[in-house]
Amino acid sequence: MDDSKLFIFVLCLFSRFFLSFSASDESNSFQSVPDLEKSMYMAIDGYPCVRLLNLSGEIGCSNPGRANIVAPVTRFKTANKLAEPSALLVSIDQFEDLFARLSNDADFSRHVVGVLVESGSQLQNGLKGFSPDKKFPQAKFAPYQSGNFEWNPIGSGLMWKAYNFPVFLLSNGSTLALQEIALRNEKRKKSYTVDVADFDLVMQTTKSGTRDSESCLREQTCLPLGGYSVWSALPPIIASSSKKAKPMILTVASMDAASFFRDKSVGADSPISGLISLLAVVDALSRVDGLGDLDKQLVFAVFTGEAWGYLGSRRFLLELDQHSDAVSGLDLALIETVLEIGSVGKGFAQDDKTVFAHSTREKATDGTLSALKDALGSLKTQSIKISRASKSNPGLPPSSLMSFLKKNPETTGVVLEDFDAAFTNKFYHSHLDDLSNINSSAIVAAASIVARSLYILASDKKEINNSVLNTININASLVEELLGCLLSCEPGLTCELVNRYIAPSASCPGHYVGVVLGEPSSQPYPSNVGDVSRFVWNFLATKTAIPSKNMSSACPNGCNGNGEMCVKAETDGKGVCVISTTRYVPAYSTRLKYESDTWEVLPHNSSDTMGAADPVWTESNWETIRLRVYTVQDTRFDQLVLLLGIAVAVLSYFIIVISKAFITKALKRD
């Protein structure tokens, strides 16, 4: 064996001994590759801003290309200038300042490749307000020309812009972790390691280059926004009844909210307080005998997609025009009055505790306002007031009633709100419009007024039986239960009330409209309907039902009688047969058509008065959304290590050559 081979043999022997020692020491810690990954990467809980599209372009957030974004975490308040691409950690009170600087400082924005937004109740309590929606939300759909009016004075409009970098809202736990990491990075300025954020927010529309709704639907890289609205009649409308159809009083509310962050669309005041109020009203009226003997038919509708171009109410009206199965039993010509329950969760935030009635036409709605005041009078309370909204307002505030008024300017309707000329909700369409932003007493008060006023209106000015009116009372415990089920994660949708009706797919309720899955239908597969829509359908179907003769029949196959349907089938796999007029109505753009498993954008129809303003919202597909943090070495340190490695290799080579020459020389002497 020559000397060089001997040297290499000794070096390999030493290396093997060292590696085996290290491996045996670490094998106790890492049993598998996932264990090793967990030790290297910290998964971050958060809520992403995602890419949405319309006919003219994009809004929302996405990685700029096909690859992940990796950048060191830096606090915004300490980052006056950025020398390298960075992921900025920002508190919610600095959110608007950051995005204003990104718009005005090109050099600064060039180095911002991701944004991490802190969360926490202490931040929310100190805010004067935060609303990423516009000052006049959905002004293009208003039935009047006053686009400069500010219903939402605090609105910034940030959620309607496109950002070519990822933005995540952090959970409370992740906020604390990222604050520590950012602080650690600040202290490591002279260190050779840094903690980086790894953003995986690659959108399919970005990868494929489909930058608007029409092209992404054609290439199937997106799906239209939408879901399922629900309506129900109390008492049920029996289709084969020989009785003359009655005029209808339609009471409506919305169940979808919007936010900068897709999965953090809570909407406690706007609009879920109105939804909870409507459900409490139906519960109260369902216990009243003789509703079928009244002169008018009560109908309740809960729309979804209203935050995105009034998808639910517009599709509902189109289905009425087409006399589809989804609205069987309804007739648009018979709808005499529309009463909408809007944002009512902050009514007691004002000193005078006033509920404001925004109406379409003053004289035509005098009867509705009179019924509301009579209902309030029957409650015998001095602490609540009903007032007609200011005449200086240009018209209705943003509401579903706008769709009805656009369809027929002669529509008679009233919207009940907790504000007069400007939103009292300072967190409109933001993730901060949560349970802490409302109070249950205001919802109970609004529901009490609506329930009794509906009975008065359905009696059609006949002498009201005060003894019956006084029995119409809102179950305050039900309201409290609904607040916990629909507006918090604990108990959330796993609450006892919801579990009586459905088997939810998640515990945390989400009020983002979502996307339309599969073919739209009046009898959709339960898996294609969101948890909240399924709960509302089952709740209304149960509360408005009359007992079926087939109570012992197998459900749903045995529910074949006139007006029969199966409720609560998810809870035990059996369900109960009842007689109820409760239907799902698909909610999606009136300019879309589903055919042969694909979506097609239709040309504008002149009969669809709101179609010209319809953006046709879609949401990009994606494979994964992930955010994680890990430690990397500074590139300058890596370069130094490389140079040292090369130097050691060269030096080792010369040492071996010199050693070999020396040993050879020594052996020749011997």
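## A strand, a sheet and the spaces

Tutor: The unreviewed UniProt entry for this protein carries the annotation "transmembrane region" for residues 640–663. The structure shown is a predicted model. Over residues 640–663 the chain of the model is 100% helix and 0% strand.

Now the strand you asked for. Strand β16 consists of residues 354–359. Is β16 largely enclosed or left open, and why? Buried here means that a residue has under 20% relative accessible area. In β16, 6 of the 6 residues are buried, so the strand is largely enclosed by the rest of the structure. Its side chains can be sorted by direction: T354, F356 and H358 point one way, whereas V355, A357 and S359 point the other way. Both sets are buried.

Next come the partners of the strand. Strands of a sheet pair through backbone hydrogen bonds, and the pairing can be parallel or antiparallel. Strand β16 has an example of each. With strand β17, residues 385–388, β16 runs parallel, and 4 bridges join the two. Across from V355 in this pair is I386 of β17. With strand β18, residues 413–417, β16 runs antiparallel, and here too there are 4 bridges. F356 has E417 of β18 as its bridge partner. There is also a helix to include: β16, helix α11 (residues 366–379) and β17 together make a right-handed β-α-β unit.

For a second case of pairing, look further along the chain. Three strands form an open sheet in the order β19-β21-β20, with antiparallel pairing. Strands β19 (546–547) and β20 stand at the edges and have a single partner strand each, so one side of each has no neighbour in the sheet. The pair of β20 and β21 (residues 576–579) is joined by 4 bridges. In this pair V567 stands opposite V576 of β21.

Strand β20 leads on to a pocket. The second largest pocket holds about 830 Å³ of space. Among the elements that give two or more residues to its lining are β20 (564–567), α17 (531–543) and β22 (581–587). In total 31 residues line this pocket, and S522, Q523, W537, M565 and T582 are the ones nearest its centre. By class, the lining has 15 nonpolar, 10 polar and 6 charged residues.

Last, the cavities. How many cavities of 30 Å³ or more are there? The count is 3. The largest cavity has a volume of about 300 Å³. It is lined by 25 residues, with S270, P271, P398, S399 and Y428 nearest its centre. Helix α9 gives the most, with 3 residues. The lining of the largest cavity has 9 nonpolar, 10 polar and 6 charged residues.

The second largest cavity has about 120 Å³ of space. Its lining has 17 residues, and those closest to the centre are V50, L52, S259, F260 and W308. Of the residues in this lining, 12 are nonpolar, 3 polar and 2 charged.

Terms used
Residues numbered from 1 in each chain as written. Predicted model: local features only at pLDDT ≥ 70, side-chain atom pairs only at ≥ 80, totals over all residues. Heavy atoms only, no water. 1 Å grid on protein atoms, 1.4 Å probe; cavity = no way out; pocket = protein on both sides within 12 Å on 5 of 7 lines; lining within 4 Å. Points joined across faces, edges and corners; volume = space filled by probe spheres on them. Nonpolar A, V, L, I, M, F, W, Y, C, P; charged D, E, K, R; others polar. Buried < 20%, exposed > 50% of the residue type's maximum accessible area, 1.4 Å probe, protein only. Pairing = 2+ DSSP bridges. Right-handed = clockwise from strand over helix to strand, strands pointing away. UniProt positions renumbered as here; feature names shortened; annotations may be inferred.
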